[in-house]
Amino acid sequence: VTPGEFAVLLGPNGAGKSTLFALVTRLFDAPAGAAIRVFGADLRREPGKALAALGVVFQQPTLDPDLSV
């Protein structure tokens, strides 16, 4: 996706959409397979660089219940 564009990922239940996002955001780690690149940076070798320009807003709050006021 080039700057100024956006992409939509659609598919039926079980198609792997959530797994893809979990891999790209490093919630899951793939022990084998091709490298995942984010903005040209290898996610496994340069995770900070790869994730620095990536913004993700999750559908459900996952951290808020663990935080105190």
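This briefing describes the fold, confidence, surface and selected residues of one chain.

The model is predicted, so local features need pLDDT of at least 70 and side-chain atom pairs count only at pLDDT 80 or more, while totals for chains, interfaces and linings use all residues. Residues are numbered from 1 along each chain as its sequence is written, and side-chain values use heavy atoms, with hydrogens and water left out.

**Fold and confidence**

- The chain holds 2 helices and 2 strands, in the order α-β-β-α from the N terminus, where helices (H or I, at least four residues) and strands (E, at least two) are DSSP runs numbered from the N terminus.
- The average pLDDT, which is the predictor's confidence in each residue from 0 to 100, is 83 for the chain, and 84% of the residues score at least 70.
- Confidence is lowest in β1, with a mean of 88, and highest in β2, at 91.
- Among contacts (heavy atoms within 4.5 Å) with a separation of 6 or more, 15% are made by residues 24 or more positions apart.

**Surface**

- The chain exposes about 6,100 Å², of which carbon and sulfur atoms supply 59%; accessible areas come from the Shrake-Rupley method with a 1.4 Å probe, and for residues only the protein chains shown count as cover.
- Of the 69 residues, 12% count as buried, a class that means under 20% relative accessible area, with exposed being over 50% and partly exposed in between (1.4 Å probe, protein chains only).
- Phe6, Val8 and Leu10 make a nonpolar surface patch of about 420 Å²; patches consist of residues with over 30% relative accessible area and no salt bridge, with like charges joined within 9 Å and nonpolar side chains (Val, Leu, Ile, Met, Phe, Trp, Tyr) within 5 Å.
- Val8 lies in the segment before α1 (17-24) and is exposed, at a relative accessible area of 58%.

**Salt bridge**

- The structure holds 1 salt bridge, defined as a side-chain nitrogen of Lys or Arg within 4 Å of a carboxyl oxygen of Asp or Glu.
- Asp29 pairs with Arg44 in a salt bridge whose closest N and O atoms are 3.5 Å apart, and the pair links distant parts of the chain, 15 residues apart: Asp29 in the loop between α1 and β1 (37-38), and Arg44 in the loop between β2 (41-42) and α2 (47-52).
- Asp29 is exposed at 64% relative accessibility, whereas Arg44 is partly exposed at 49%.

**Backbone**

- Most residues other than glycine have a negative phi.
- Arg26, in the loop between α1 and β1, has a positive phi near 70 degrees and is partly exposed at 43% relative accessibility.
- Phe39, in the loop between β1 and β2, has a positive phi of about 55 degrees and is exposed, with a relative accessible area of 61%.
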